[in-house]
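Here are my notes on the model, point by point. Please read them with the structure open.

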Amino acid sequence: MSLFLRLLFRNRLAGFGAVVLGVIVLLALLTPLLPLHPPNETSTANRYLRPLSDGHLLGTDHLGRDLLSRLLWGTRLSLAVGFAAALIAGLAGAAIGVMAGYFGGRTDNVTMRGIDMLMAFPYILLALAIVAVLGPGLLNALIAVAVVNIPFFARNIRGVTVGIAHREFIDAARLAGMGHARILLTEVVPNIVPVVVIAMSTTIGWMILETAGLSFLGLGSQPPQADLGSMLGEARSALITAPHTSIVPGVMILLIVMSVNLLGDGIRDALDPRLRSGALARPMAATRVDRREVPPAKGEALLDIDALETQFQVGKRVYKAVNKVSLDLKPGECLGLIGESGSGKSVTALSVMGLVASPPGVITGGAVRLDGQDLIGAPYEVLRALRGRRVAYIFQDPLSTLHPLYRIGDQLIEAIRVHEPVSQAEAHKRAVKLLEDVQIPNAAGRVSAFPHELSGGMRQRVGIAMALANDPDIIIADEPTTALDVTVQAQILALLDELRQRRGLAILFITHDFGVVGQLCDRVAVMYGGRIVETGPTRAVLDAPAHPYTRRLIACVPELGAGRRILAAIPGLPPAVDQLPEGCAFAPRCDKAQASCKTGEIDLTGTTRKVRCLFPEVAP
Amino acid sequence: MGGYILKRLLSAIPVLLGITVIVFLIMAMIPGDPATAILGSYATPENVARLNRFLGLDEPLWRQYFIWLGNLLQGDFGRSFALNRPVLDEILDRFSATLILAGTAFLLCAVLGIMAGVISAAGQYGPADKAITFVVILGISVPSFFLGMMMILLFAVQLRWLPASGMYSIWGGGDLPDLIRHLTMPAIALAVVATGVVARLSRGAMLEVLRQDFIRTARAKGVHERRVIWGHALRAAMVGIIPVLGIQAGFVLSGAVYIEIVFQWPGVGRMLVDAILRRDILLVQGGVVIIAACYVGFNIVVDVAQAWLDPRIKT
Amino acid sequence: MTLALKTTDLAKTFDIGKRLIGPPRAQVHAVHPVSLEVAQGETLGIVGESGCGKSTLARMLVGLEPPSAGQIEIEGRALDRADPAAFGRLIQYVFQHPVSSLNPRKTIRQIMETPLRRLHGMRGAALDARIAELFDAVNLRPEFLDRYPHEFSGGQAQRIGIARALAASPRILILDEPVSALDVSVQAQVLNLLARLKDEFNLTYLFISHDLAVVEAVSDRIAVLYFGSVVETGPAERVFAAPRHPYTRLLADSAPVVGKPLGGAGHGELPDPLNPPPGCTFASRCPRASDQCRGAVPELRRMTGDQFAACYHPLDP
């Protein structure tokens, strides 16, 4: 709760809204105690007094009634009606939505058809029809506004409930012996409450506006009682001669609704866990670079990643995802980068072309040189011209990485035409050729398919075709087969290997699977806690790992054909990269660790084989 | 696509029937007796009974409904007793004025709202985003009728740029520039809230889309950032924006009620409010059915647009 | 040998395109009639690729999904009513995604208490003692009990999931891809824990996974699923070493193993579930397929010893 309030007030606009609304609510609550004229006391002698008149701070209206008093009493009424309408609509809508969403099937179908029917009416029209039945009056206007808003809540909450009802913890609750009523109350509802609160807080303002609108039309509160809307309605005829009688209630409505909206947005932001973590930030076109020094150029590798440092800066926390990583890639070579989740392997790969989401990602040091040209901090246009042309990517999940609404042919054509000004027809021909190259049957027909019409394996072939579109020198493949079935994985790996041989491609292959590395890669680098701990020729590293982490990780992996057995596990967890221990990051889990492992910087030593360990298993 | 449109049109039939049922039931629930309302409270019981029989009000409810529906389908919406003319004539006279006003406001809110949302999302937390967010918050918080009144004070009374009212008939007299002069203020006043809502939701939809993997793919291909935002991202975000546009069309169509009153616009909304206050039931029934049917039709257009945009829907 | 679990022609058909009234537009046979027997104390591994029906089978076994046909017997007693609470005391389920199987708004203690209260009516001190015992069994510290699920890593959350399943004191555990969301170093910890718990609590396991090596490492017997049908069953050490069904062979050859050359993976994809072929569903990808295969579905039949395969032209051992 205190966290919630802190988050709420961190948002200055929401704080402003809270203060304004607080003052208004306080005034409304205190109205009966304040020394005001009675709101309905008429005085024909004092009609249309201007604001700041003697005894009438805000002036008087067409019957000589004190505007300040009527304003405060009207505010009281409008606030009460708005909140009540939001509460009724929110609770009724949520109840309907939860029922429909949880039980699904026919209950859901029938309920939602009814809701759709109500939503087929333009909004205020339905409210007008309801008021027509019930007759004008504030209470009736409240009912009309509440009823009209129920479908909105019901739909919204139903959607959320369907999502929750299919979560595994609901199944777990059923298996734990809970009945439907208990599951609804203790498992579903607590997860719905924040959504209902958000929906209510963002719609109260709207409800106040609507009830004011009905009153403005003369369908809400009836004279002499007045809410803000009917004050405006009555003042309209004297708009030109006595504008203050309109402006006073109008500005009050504006103030109330605006402060409610600001506060509502603040509540929504504070309750949404994604906003809380800053995950809703828009990633920029290229990763932000903030490095103090640039390491001097050396070597003549095709791609030279030199002491690369990439961090995620979330609030005060700094996650050192990539920590002084150096790798190089020669033409036609396949380098495997292996590690567990959170080891920094994907971030390393994405840093090369500035594709790490930023915020929160920042490249804080090092260099990435392509044929000697530093890509880190290169102008956007330079980077863009190289993306896809010299260095292309293949990503993990082909369903989410292809644009769902463009035909695959158009996505390929775009990839070609971004870098080469060829005609549409020429690009189309090349797109078909690319699909044939990645062995997609019936390429000429498939070119006009949408991604969702293809199987996972076919989609990943399209992903590969797109990477090949401009005949790049380097392909960075970020776990390209992890989302695929094992038989499809074998097909894709064979295809990648064949393309590499035929086109002389250099591949940086990111994976967590030693089997895949062993079959595909010439060299391998092992990452742990954001650093390279070992690198060398694949067979040498796999046959005789030098770093204790590598050795024990290989031992963890069951291999097919070895029969039933107890596996060697590594106790403990990989370190969190925002609080890395001093010295070797693996030391807390290592059975060979000495005191010296836990202090100071440990270097990566060796020539063709390198290891970052004081007590390696074999001499590098 | 043709099959989808046909399917969607057919599925509108039960909705339209449902609308007539709801409208009929709501109106049937109105307390009091229409015959008494027409004849006045001094009418003799015999006269009331005779008029009831004449109006078919002594029949059972379901028969009354089918008679009414049958007449409706033949274009007979009954007679307004207050105006003493056929309901349909009265509605058709006024409906074009409402459509012009609501249509203009809808175009404004769609175009400006989406553009503002995209610009805001593309420069998240930047100066443009902050300015747009502020204007949007103001926009969604101001009652349209109050805004209309303030615009009249400023532009018609103080500056004398635009007329505050004086639209009597859309087709009578006045040329296009005259129409535009009369339309400007009401259309803007009507569009402001909807524009704010569309801008907010577009911004949210864009931010959601910009974090998706396929945006990263587009960037990895070397697609220019401008095209990433206005092409790849907006295209995907439209899937979330279009349904909102459908709902906003309903807001604009019915929000016209206020604006028509403030600007003396000769539309159907003002007619409805008067009819409700006078308890002119047949006119209310007819007006509501026609506006709702129009809205259903618009929603079909929205759904078809959605299906055209998102190939995953048609299956 | 006493049977812990026996299914007879258990099948599941899903309706596609439900209408408000009238029959659905189409039906998909997610699980074709499956008859399985699992002995007391045995681990049966079930492997298959996505869409093979292994999760649907598992959900039917615990009553989360009512079967369209067939019977489930646990220790000789038939359970045909799909009521998870009735199943719960006999058979429990460990989920694939450890964190999402825990309600984010409940403390671990509340999550652990539910099965003990609901299924065994435990209260007060006995309840606390039992929770402490279970937590000890899965190597978790008691102070974790008052925390919320999001504070745990995948491996820890999966231990909590296992402890919750054990709280029901079941005879059988269905493990649905219990380690596939975990990193390899953590995966081994959980697999070893499961092996120890099986002896300690005298359990029978059904271990479902897409990872052949993991299944081979933990199972006594293995059943291979393809497109909703069991195509091969046999002792764990034989199924992948000497497969009789061509699909099992394809699976075994596709698994990446260091030192084994790439390729030999063949082509082709799963058939369309809305329009399945009349004969063997693997025929379109099978190098040995004949007209017989395309005409009629082969039955599961005994090959050698305890090894069964549904194939007209089985491979040589």
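**Notes on the model**

1. Start with the interface between two chains. In chain B, 62 residues are in contact with 62 residues of chain A. Contact means that the C-beta atoms of two residues, placed from the backbone, lie within 7 Å. On the side of chain B that touches chain A, the elements giving two or more residues include α1 (2–28), α8 (176–210) and α12 (281–309) of chain B. The biggest contributor to this side is α10(B), with 12 residues. By class, this side of chain B has 42 nonpolar, 11 polar and nine charged residues. Ala, Val, Leu, Ile, Met, Phe, Trp, Tyr, Cys and Pro count as nonpolar, Asp, Glu, Lys and Arg as charged, and the others, Gly among them, as polar.

2. A word on the source. This is a predicted model, in which local features need pLDDT of at least 70 and side-chain atom pairs count only at pLDDT 80 or more, while totals for chains, interfaces and linings use all residues. Residues are numbered from 1 along each chain as its sequence is written, and chains are lettered from A and ligands numbered from 1 in the order in which they are written.

3. Chain A next. It holds 22 helices and 13 strands. Both are DSSP runs numbered from the N terminus: helices are H or I with at least four residues, strands are E with at least two. The C-alpha trace of chain A spans about 105 × 60 × 60 Å along its principal axes. Of the 620 residues in chain A, 52% are buried. Buried means 20 or more other C-beta atoms within 10 Å of a residue's own; exposed means 12 or fewer, and partly exposed is in between, with C-beta atoms placed from the backbone. Take the contacts in chain A between residues at least 6 apart in sequence: 66% of them join residues at least 24 apart.

4. Which residues have the most contacts inside the largest nonpolar core? They are V252(B), L206(C) and V224(C), in a core of 375 residues. Helix α10 (residues 225–262) of chain B supplies the largest share of this core, 20 residues. Such a core is a set of buried Ala, Val, Leu, Ile, Met, Phe, Trp, Tyr and Cys residues joined through C-beta atoms within 7 Å. Beyond its neighbours within four places in sequence, V224(C) has contacts that include V47(C), E232(C), H245(C) and L251(C).

5. Chain B has two domains, domain 1 (2–87) and domain 2 (90–310). The bounds come from an automatic or database domain assignment. Taken over C-alpha atoms, the domain centres are 32 Å apart. Domain 1 of chain B gives 25 residues to the contact, and domain 2 of chain B gives 20. On the domain 1 side, α1(B) provides the largest share, 11 residues. That side has 19 nonpolar, three polar and three charged residues.

6. Now the strands of chain C. β1 (residues 3–16) and β2 (residues 26–39) of chain C pair in the antiparallel sense over 10 bridges. Pairing requires that DSSP finds at least two bridges between two strands. T7(C) has L36(C) in β2(C) as its bridge partner. β1(C) also pairs with β4 (residues 69–74) of chain C, in the antiparallel sense, over five bridges. There, A11(C) stands opposite A69(C) in β4(C).

7. Last, helix α1 (residues 54–61) of chain C. Six of its eight residues are buried, so this helix is largely enclosed by the rest of the structure. Among the buried residues are K54(C) and R59(C). After α1(C) comes G63(C), with a positive phi near 85°.
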